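Dear colleague,

Please find the structure below, together with its sequence.

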Amino acid sequence: MANQRDEQRLALQGGLKAVSKIEGKGKPKIGVAEFMSVAERFGFSRRTLKQIRSAVARDDMGAGPFLSNYYANLKETKVQAFERAAREVFGVKYAIGVSSGTGALHAAFVAAGVGPGTEVICPAIGFFATAAAVVMSKGIPVFCDVDESLSMDPTKIERLITRRTVALAPTCVMGTVPDMGGIMRIARKHKLKVIEDCAQSCGGKYRGRWVGTIGDLGCFSISGYKIVGGGEGGLLLTNRKRLWERANQLMECGGLWRPVRFAPPRYKGELFCGTNYRMSELEAAVDVVQLRKMPATVKRFRTVKMRILKQLGRYGEVVPQRLNDPDGEVGYLLRFYPETVELGRRIVEALNAEGVSASMRRKDAHPDWHQYSYMFPVTLKTGPTPVNCPYECPVYLRRGGRAAYAREDCPVADDLFDRVITVSLNQWFTAADCRHVAKGIDKVLSAYCTEDPDAAEWIRSKAG
Ligand SMILES: Cc1ncc(COP(=O)(O)O)c(C=O)c1O
């Protein structure tokens with residue numbers, strides 16, 4: 001029996017410890033219920049869910065999982081496994097899993113030196129996040145018109161380059177690839193960085209090279225809407241160590257990524273304040289599997305699209321979307337331009353009646369943030385405070401910059417965006433499905449247009 005003196009004496013001096021054991025017993029922070037709530041989102045049947053529940057409920061979870069990228073007592077976390085898979089699949093030196101495509105773009109722009117007083121040339125058609133990430137980096141987006149591929153038109157870039165321009169940010173539009181040859185030539189000539197936004201074309205290739213590996217940095221959204229994705233996530237690729245380090249510093253400002261976390265800066269510009277765009281382990285667990293499936297998914301989509309295109313006749317009143325690299329297409333959409341919006345409306349109606357899923361925007365449609373003139377927080381030049389950074393940033397003004405946006409800035413985009421007809425394709429179409437879809441398109445086009453063997457071909461690359 002411990003006497004009172006032993007209890008009072010400091011444990012340091014041989015007395016009894018005040019706290020010899022903790023009686024309260026915790027439960028895992030993340031347990032069966034949370035696991036099941038994730039499993040429910042995968043669409044398993046009720047019967048299967050019941051079986052899964054009874055199987056996992058039998059397990060003693062101990063302290064439960066620790067779902068963090070850093071500190072996990074594992075040889076490789078899920079995020080690290082995802083980054084390794086990305087390096088292997090895309091053949092690049094560096095990959096960073098991040099929480100969103102927007103986060104990847106923000107980190108890439110900052111890594112590339114976008115900041116006060118700089119401009120980045122963005123495509124007129126793509127997605128708002130590209131231009132928004134430029135603004136988040138304190139740069140000014142300048143919109144470049146598109147060509148009939150709906151991607152940035154390389155012939156229109158040079159006239160937009162100023163002494164403030166530091167980067168080009170071509171976007172892969174809806175499963176297609178930009179003319180990366182033309183874009184890279186201009187970038188190298190003017191010593192500009194290229195940040196590829198490949199969110200809509202993960203798995204696309206240009207002349208045999210994966211999009212996202214051609215420029216200086218490649219950015220992907222891997223949200224649930226994309227070809228690869230668990231729910232909400234992003235990926236950044238580069239072959240350049242300095243850019244990888246700077247992107248890490250932005251997306252994970254605590255510097256946890258550094259070999260020696262609190263070491264002084266190893267070079268000028270290494271350390272600066274960033275934010276936290278870390279990917280979650282739960283997202284990475286899905287993405288690592290999805291990414292490995294990506295090449296097969298893309299191959300199925302591409303086969304379906306090419307199969308359909310090869311069966312189509314040629315018609316005078318419609319022009320197919322130009323494909324900068326037909327062999328590199330992801331191909332989940334088939335697109336073409338009718339001569340007029342009115343003709344387009346009739347074609348779309350008839351296609352849907354035939355069972356071919358088709359759509360067109362039309363002039364009177366609601367705003368759409370895939371086109372520059374609807375990117376209101378950019379075009380209205382509204383910053384979060386009255387100082388209105390970066391649009392009225394003194395550094396920008398001193399360098400002669402004047403941000404100005406108007407709908408007519410990019411007339412080809414204005415026209416094609418309203419007129420393009422989009423047919424949605426499914427990677428699981430069989431050869432017979434492709435035949436039926438092609439027949440449906442031909443049936444409708446022969447009813448409303450003139451067959452013309454000299455009209456533009458469906459598989460039409462830049463040279464074609
Ligand atoms: C071209 C493009 N860039 C960036 C993004 C933004 O990605 P996230 O939603 O993952 O931030 C998207 C998302 O749709 C996109 O299509």
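**Salt bridges, domains and a cavity**

Arg164 forms a salt bridge with Glu119, with 2.8 Å between the closest N and O atoms; a salt bridge here is a side-chain nitrogen of Lys or Arg within 4 Å of a carboxyl oxygen of Asp or Glu. Arg164 lies in the loop between strand E3 (140-144) and strand E4 (165-168) and Glu119 in strand E2 (residues 119-123), so the pair ties together parts that are 45 residues apart in sequence. Helices (H or I, at least four residues) and strands (E, at least two) are DSSP runs, numbered from the N terminus. Arg164 counts as buried at 10% relative accessibility, and Glu119 counts as buried at 4%. Buried means under 20% relative accessible area, exposed over 50%, and partly exposed in between (1.4 Å probe, protein chains only).

This is a predicted model, in which local features need pLDDT of at least 70 and side-chain atom pairs count only at pLDDT 80 or more, while totals for chains, interfaces and linings use all residues. Residues are numbered from 1 along each chain as its sequence is written, and side-chain values use heavy atoms, with hydrogens and water left out.

The whole structure contains 24 salt bridges. One of them joins the side chains of Lys241 and Glu245 (3.8 Å, N to O). These two residues are four apart in helix H8 (residues 241-251), about one helical turn. Lys241 is partly exposed at 46% relative accessibility, whereas Glu245 is buried at 5%. Both belong to a network of salt bridges that also links Arg258, Arg266 and Glu270.

A further salt bridge connects Glu88 and Arg84 (3.3 Å, N to O). Both residues lie in helix H4 (residues 78-90), four residues apart. Glu88 is partly exposed, with a relative accessible area of 44%, and Arg84 is partly exposed at 32%.

The chain is divided into domain 1 (29-66), domain 2 (78-289 + 370-404) and domain 3 (294-367 + 413-448), with bounds from an automatic or database domain assignment. The centres of domain 1 and domain 3, taken over C-alpha atoms, are 42 Å apart.

Lys305, Leu309, Pro320, Gln321, Leu323, Leu334, Arg335 and Trp458 line the largest cavity. On a 1 Å grid over the protein atoms alone, a cavity is a set of points where a 1.4 Å probe fits but cannot get out, and lining residues have an atom within 4 Å of a point.

Yours sincerely

Terms used: 1 Å grid on protein atoms, 1.4 Å probe; cavity = no way out; pocket = protein on both sides within 12 Å on 5 of 7 lines; lining within 4 Å.
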